[in-house]
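Reader: Hi! Could you walk me through this model? I'd like to go through it topic by topic.

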There are 2 protein chains.
Amino acid sequence: MTANAVLSESLEDYLEAIFHIIAEKQAARAKDISRQLKVAGSSVTGALRSLAKKGLINYAPYDLITLTPAGRKAAKDVVRRHEALRDFFVNVLAVGYAEADEAACRIEHVISKNILERLIQFAEFVEICPRGGSKWIAGFGYHCDHGDTRENCEKCISLILEDLKRKKTGGKSMSIINLKDLKQGQRARVEKITARGDTNKRLVEMGVTPGAVIEVERLAPLGDPVEVKVKGYHLSLRKSEAEGIDVELI
Amino acid sequence: MTANAVLSESLEDYLEAIFHIIAEKQAARAKDISRQLKVAGSSVTGALRSLAKKGLINYAPYDLITLTPAGRKAAKDVVRRHEALRDFFVNVLAVGYAEADEAACRIEHVISKNILERLIQFAEFVEICPRGGSKWIAGFGYHCDHGDTRENCEKCISLILEDLKRKKTGGKSMSIINLKDLKQGQRARVEKITARGDTNKRLVEMGVTPGAVIEVERLAPLGDPVEVKVKGYHLSLRKSEAEGIDVELI
DNA sequence: ACAAAATGTTAGGCACGCCTTATTTTTTTA
DNA sequence: TAAAAAAATAAGGCGTGCCTAACATTTTGT
Ligand SMILES: [Mn+2]
Ligand SMILES: [Mn+2]
Ligand SMILES: [Mn+2]
Ligand SMILES: [Mn+2]
C-alpha cells in the first residue's frame with residue numbers, strides 16, 4: 001500500500017532472496033529464506049511480517065509467500081543494483097565472480113541512484129569505446145601486476161588503429177538488423193521498437209528504448225529465450241519480444 | 001589493546017570524525033563530534049566509551065579526546081577508504097565532490113580490502129595509460145550525455161597518437177629528478193628513496209616505495225609542505241621528506 | 001490414519017545505536 | 001568570585017535485528 005516504503009538493508013536482502021526463490025519455484029517458504037540468508041527461522045517470521053505490513057509480500061501464517069506488484073518492483077530494483085555492481089567488479093575491475101557477488105550484496109544497500117547509473121554507464125563505455133574494450137582491461141590487469149604500462153600501451157594503440165581501419169574499410173555502417181539475429185556476445189544499439197501494444201510497453205518498461213545499448217548474454221538453442229543486458233538490467237526476452245526490436249550492430 | 005578490533009560502521013565514523021578534528025586542533029571535544037556527525041551529545045558519550053574500551057582513544061569523563069596509536073592507525077584506514085572512493089567517483093565517474101564525498105562515507109564501511117585496492121589501481125591506471133587520461137574521461141562524459149561515441153573516439157585516437165609522437169621526439173625518457181622539483185598536478189614514478197633512518201621508515205610506512213606512482217596535489221608557497229597522493233593515500237610531506245625521494249616524471 | 005519429521009510461530013532476551021530529559025561538571029563573563 | 005552559559009554525562013526509552021527454547025501446525029511415511 002505504502003507508495004515508496006524505505007527499506008532497511010536487512011529487508012532488502014529478504015526481498016531479494018524471495019525474488020530469487022520465486023524465480024525458481026513459484027512461491028517461497030520461510031525455510032528457503034532462512035537457508036539462503038543464514039538466519040534463524042524466527043528471524044524470517046519477523047521480517048515477513050514487516051514486509052507484509054509494507055504491502056510488499058502476500059503472507060499469512062503457515063502459508064506460501066509471493067510478491068505483490070509493489071514488492072516485485074522493489075525486489076527488481078535491489079537485484080538491479082546488485083547485478084550492476086557485480087558486473088562492474090567483474091567486467092571492469094576483473095574481480096572474481098564470487099567475491100564480486102558478495103561485495104555487491106553489501107554495497108547495493110548504500111549506493112546512490114546517481115552513482116549507480118554512472119557506474120553502469122562507465123562499464124558500458126569501457127566496453128564500447130574503441131579506446132576501451134577487452135584489450136584495455138587486459139592492459140589494466142597488466143598494470144595491476146607490473147605497475148608499468150608505457151610500452152604495453154603504445155602497442156595497444158597500434159592495435160586500436162588497425163581495428164579502426166578494418167572497421168572503416170570493411171563493413172558499411174548503419175546496417176539495421178533484428179535483435180533475434182544477434183549472436184551470443186554481440187552488442188548493438190537499439191534503433192526502433194517495432195513491437196506494439198503490451199509487448200511494446202513491457203520492453204520500454206524494462207529499459208529497452210531507442211539509443212540503449214543491448215548485449216546478448218546467452219542464447220537458448222532455438223533463440224527462445226534470449227538473455228540480454230540493457231542499462232544494467234539482466235533480462236530474459238522471449239523470441240516474440242526480440243523480434244520486435246531493430247538494432248544496429250556496434 | 002585489542003589487536004584488530006572489529007569496528008561497527010558507526011564507530012568508524014566517530015573515529016574518522018575525531019581524526020579530522022584532531023588534524024585541526026590537537027584534541028577533540030565531544031561537542032565537536034556531535035556537531036560533525038549530527039547526533040545528540042549523549043550518543044557521543046556512549047561511542048567514546050566504546051572506543052576507549054577498545055583502546056582506540058584516550059578518554060576520561062569531561063576530558064579532551066586524543067587518539068591512541070592503534071586508534072590513529074584505524075582512523076587512517078577509514079580515511080583512506082573514504083578518500084579513495086571519493087577520488088574514484090570524482091576522477092573516474094565525474095561525480096560532483098559533495099555527492100562523491102557523501103557516497104564514499106557510506107560505502108567505506110562495506111567495501112572489501114581487495115576491491116578497494118582494485119579501485120585505487122584502476123583510477124591510477126586511467127590517469128596514466130595513454131589510452132585513458134583526462135580526454136578519455138571527457139569522452140566518458142560525452143558518452144553519458146549523448147550515448148554515441150564512435151566519431152568522437154576516433155578523433156580521440158588521433159589525439160593520442162599526436163601526444164605519443166610528441167613525447168617520443170621531445171623528452172628523453174628516464175630523467176630522474178627530485179620530488180621537490182615537481183609542480184602542482186604533475187605525476188611521477190618513485191625511483192629511489194634516498195632518505196635514511198626515521199624519515200625513510202615513515203615514507204615506506206606511508207606507501208612511498210619504488211615503483212609507486214605519486215601525484216602532486218598542492219604545493220605550499222615555499223614548497224613546504226607538499227600534498228601528494230600515493231596508492232590512494234593523501235599525504236602531506238615536509239620539504240625535508242620530499243627531498244629524500246627521487247622520481248621519474250610520467 | 002496417525003506418528004514422526006519438518007516447518008513455522010511465539011516468547012523472551014541481547015546488542016546496537018539513536019533519542020529526550022535531567023543532572024553534573026567545567027568554562028565564561030560580569 | 002559568583003552567577004550564567006556551555007558542555008558532558010546519566011537515566012530511561014524506542015526500534016531494529018538477531019538469537020534460543022518452547023510450542024503449534026503441516027507434511028510425510030508407514
Ligand atoms: Mn545485500
Ligand atoms: Mn544482493
Ligand atoms: Mn562513513
Ligand atoms: Mn567517511
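Reader: How far apart are the manganese ion (ligand 1) and the manganese ion (ligand 2), and which residue coordinates both?

Author: They are 3.6 Å apart, and Cys105(A) coordinates both. Before we go on, this is a predicted model, where local features need pLDDT of at least 70 and side-chain atom pairs count only at pLDDT 80 or more, while totals for chains, interfaces and linings use all residues. Residues are numbered from 1 along each chain as its sequence is written, chains are lettered from A and ligands numbered from 1 in the order in which they are written, and side-chain values use heavy atoms, with hydrogens and water left out.

Reader: Thanks! Which residues coordinate the manganese ion (ligand 1)?

Author: Asp13(A) through OD, Cys105(A) through both O and SG, Glu108(A) through OE and His109(A) through NE2, at 2.0 to 2.6 Å. Donors here are N, O and S atoms within 2.8 Å of the metal (3.2 Å for Na, K and Ca), and water is not among the atoms, so sites may look incomplete.

Reader: And how are those donor residues spaced in sequence?

Author: The spacing for the manganese ion (ligand 1) reads D-x91-C-x2-E-H.

Reader: Is Glu108(A) buried or exposed?

Author: Glu108(A) is buried, at 0% relative accessibility. His109(A) counts as buried too, at 15%. The scale is under 20% relative accessible area for buried, over 50% for exposed and partly exposed in between, with a 1.4 Å probe and protein chains only.

Reader: Let's switch to the DNA. How many residues surround DNA strand C?

Author: There are 19, and the closest are Lys31(A), Arg49(A), Tyr59(A), Ser8(B) and Ser42(B). A residue is near the strand if one of its heavy atoms lies within 4 Å of it.

Reader: What do the serines of chain B touch there?

Author: The side chain of Ser8(B) has an N or O atom 2.7 Å from a phosphate oxygen of DNA strand C. For Ser43(B), a polar side-chain atom lies 2.8 Å from a phosphate oxygen, whereas Ser42(B) places one 2.6 Å from a base oxygen.

Reader: Which helix gives the most to the surface near DNA strand C?

Author: H3(A), with four residues. Helices are DSSP runs (H or I, at least four residues), numbered from the N terminus.

Reader: Salt bridges next. How many does the whole structure have?

Author: A search over all chains finds 30. The criterion is a side-chain nitrogen of Lys or Arg within 4 Å of a carboxyl oxygen of Asp or Glu.

Reader: Which residue does Arg81(A) pair with?

Author: Glu12(A), with the closest N and O atoms 3.2 Å apart. This pair links distant parts of the chain, as Arg81(A) is in helix H4 (residues 69-92) and Glu12(A) in helix H1 (residues 9-25), 69 residues apart. Arg81(A) is buried at 12%, and Glu12(A) is buried at 9%.

Reader: What about Glu117(A) and Arg80(A)?

Author: Their side chains meet in a salt bridge at 3.0 Å, N to O. Glu117(A) lies in helix H6 (residues 113-128) and Arg80(A) in helix H4 of chain A, so the pair ties together parts that are 37 residues apart in sequence. Glu117(A) is partly exposed at 23%, while Arg80(A) is buried at 7%.

Reader: Last one: how far apart in helix H2 of chain B are Arg35(B) and Asp32(B)?

Author: Three residues, so about one helical turn separates them. They form a salt bridge with the closest N and O atoms 2.9 Å apart. Arg35(B) is exposed at 54%, but Asp32(B) is buried at 7%.

Definitions and conventions: A polar contact is a pair of N or O atoms within 3.5 Å; within protein, one must be able to donate a hydrogen and the other to accept it, and residues adjacent in sequence count only if both atoms are side-chain atoms. Helices (H or I, at least four residues) and strands (E, at least two) are DSSP runs, numbered from the N terminus.
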